[in-house]
Amino acid sequence: MKILPYLPDQSGLAYAVGTTLDRFIKLKQSDFPFASGELSQLLRDIGLAAKIVNRETNRAGLANIGGAFGQTNVQGEEQQKLDVIANIRFMRALSKGGEVCAIVSEEEDSVIDLQNKSGKYVVAIDPLDGSSNIDVNISIGTIFSIYRRRSPLGSPIEQEDVMQPGTEQVAAGYVLYGSSTMLVYTTGCGVNGFTYENSLGEFFLSHPDIKAPKSGQIYSVNEGISEEFESGVLDYISSCKKRKFAARYIGSLVADFHRNLLKGGIYLYPATIKNPSGKLRLLYEANALAFIAEQSGAMATDGENRILEILPTSLHQRTPLYIGSTELVQEVHQYISKTRDKITEFCH
Ligand code: AHM
Ligand code: MG
């Protein structure tokens, strides 16, 4: 009889590809000094809600639950039924878990105080981003940021708990409901991506320690509204064209960001006449992706300032967003500052 010894994974990686999300989160808990497991549980709750939303998303066409719900959200945009479903699913998961005291959601006008006296964390979430793509079977996503509350445990929620700059995030991530479903997150110690295996109902580590390329050849912007962009941004877009960069724009921030994170590229959503502060929301869209970008070696700004350092002043605050490969974001800055300087000179 021939007996072979079992040879464990030789890859040298502390966390091998194929590790389940739950196990990975548990193993990683030791990265935080004094971790009591609540953040880990919160991340697992998000993972579970993501599985449920993934199921609903896959069924959207079949069950005829896509389409307008006939309500508008706080930004006056038409709410899709799946937005509502995703919001309910995440709210439920976050409130039942017991780790969260307050939630800021794109779909809710006000901060939701969960009246959970022992909840240490505040979550800002866009439960289903890119919602205009639901009905046409194109990738959509969930974006989340996690903060530690600042006011004492047990006391009512304060403004300071919610209005924290992105630098204070303890974790952030996104779920991409695409050709496969992925969950990508960071707790400030690198970025890891997990792919969902439908038949097993599990997320498995598929993209350990993601590092964004320093540069790239993709630019992602809604050029249909470019007449409303400032001239520095237009000059930059022309320079991308001269260099024959690929124009790739899905119109789902998570999907556009994810592609550029892996392949190298830049996503731009500048200020426009219609949206002078940009379209995207600081608290539950830009901050999370900026944290992930920086953790992977990429960069995120509003054209001038680091996204993570912007002090929020309102819940649904918008910001221009330039995010992606560091060299490309730095380039667009140069173009923007050149033309802004000229305008300042002219005014003096
Ligand atoms: P949403 O939160 O209503 O879905 O809007 C956010 C989306 C982003 O996912 C996407 O990058 C952007 O809006 C697209 O905007 P536009 O259609 O103006 O290009
Ligand atoms: Mg959104």
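## Burial and the fold

A residue counts as buried when its relative accessible area is under 20%. Val-84 has a relative accessible area of 18%, so Val-84 is buried. This residue lies in helix H3. The model described here is predicted.

The protein chain has 348 residues, and 52% of them count as buried. Its secondary structure comprises eight helices and 17 strands. Take the contacts between residues at least 6 apart in sequence: 63% of them join residues at least 24 apart.

## Helices H2 and H3

Two packed helices are described by the angle between their axes and the distance between the axes. Helix H2 covers residues 38-59 and helix H3 covers residues 81-97. They pack at an angle of about 155°, and their axes are 9 Å apart. An angle over 145 degrees counts as roughly antiparallel, so H2 is roughly antiparallel to H3. The crossing of H2 and H3 is right-handed.

Which residues of H2 and H3 make the contact? From H2 come Leu-42, Asp-45, Ile-46, Ala-49, Ala-50, Ile-52, Val-53, Arg-55, Glu-56 and Thr-57. From H3 come Leu-82, Ile-85, Ala-86, Arg-89, Phe-90, Ala-93, Leu-94 and Gly-97. By class, this contact of H2 with H3 holds twelve nonpolar residues, two polar and four charged.

Pro-127 is 43 residues away along the chain, yet the C-alpha atoms of Val-84 and Pro-127 are separated by 8.5 Å.

Arg-92 lies in helix H3 as well. Its relative accessibility is 42%, so Arg-92 counts as partly exposed. Arg-92 and Ala-49 are 43 residues apart in sequence. From C-alpha to C-alpha, Arg-92 and Ala-49 are 8.4 Å apart in space. Ala-49 is one of the H2 residues in the contact with H3.

## Helices H6 and H7

Helix H6 spans residues 253-263, and helix H7 spans residues 282-295. Their packing angle is about 10°, with the axes 12 Å apart. Angles under 35 degrees count as roughly parallel, so H6 is roughly parallel to H7.

On the H6 side, the contact uses Leu-253, Phe-257 and Leu-261. On the H7 side, Glu-285, Leu-289, Ile-292 and Ala-293 meet them. The contact of H6 with H7 divides into six nonpolar residues, no polar and one charged.

## Aromatic pairs

Rings of Phe, Tyr and Trp pair if their centres lie within 6.5 Å. By this rule, the count comes to seven aromatic pairs. In one of them, the rings of Tyr-185 and Phe-194 have centres 5.9 Å apart and planes at 20°, so the pair is stacked. Tyr-185 is buried, with a relative accessible area of 5%. Phe-194 is buried too, at 0% relative accessibility. Ring pairs link Tyr-185 and Phe-194 with Phe-24 into a cluster.

How far apart are the ring centres of Tyr-236 and Tyr-335? They are 5.5 Å apart, with the ring planes at 65°, so the pair is edge-to-face. Tyr-236 lies in helix H5 (residues 231-242) and Tyr-335 in helix H8 (residues 326-347), so the pair ties together parts that are 99 residues apart in sequence. Tyr-236 counts as buried, at 0% relative accessibility. Tyr-335 has a relative accessible area of 25% and is partly exposed.

## Positive phi in loops

Where does Asn-137 sit? Asn-137 is in the loop between strand E5 (121-129) and strand E6 (140-148). Its phi is near 60°, a positive value in a residue other than glycine. With a relative accessible area of 75%, Asn-137 is exposed.

Asp-209 also has a positive phi, about 45°, although it is not a glycine. Asp-209 is found in the loop between strand E10 (202-207) and strand E11 (218-220). Is Asp-209 buried or partly exposed? Its relative accessible area is 41%, so Asp-209 is partly exposed.

Conventions: Residues numbered from 1 in each chain as written. Chains lettered and ligands numbered in written order. Predicted model: local features only at pLDDT ≥ 70, side-chain atom pairs only at ≥ 80, totals over all residues. Heavy atoms only, no water. Axes fitted to C-alpha atoms, helices over the stretch in contact; angles between N-to-C directions. Helix = DSSP H or I, 4+ residues; strand = E, 2+ residues; numbered from the N terminus. Parallel < 35°, antiparallel > 145°, perpendicular 65-115°, else oblique. Left-handed = near helix turned anticlockwise from the far one by under 90°. Contact = heavy atoms within 4.5 Å. Nonpolar A, V, L, I, M, F, W, Y, C, P; charged D, E, K, R; others polar. Phe/Tyr/Trp six-rings, centres within 6.5 Å; stacked < 30°, edge-to-face > 60°. Buried < 20%, exposed > 50% of the residue type's maximum accessible area, 1.4 Å probe, protein only.
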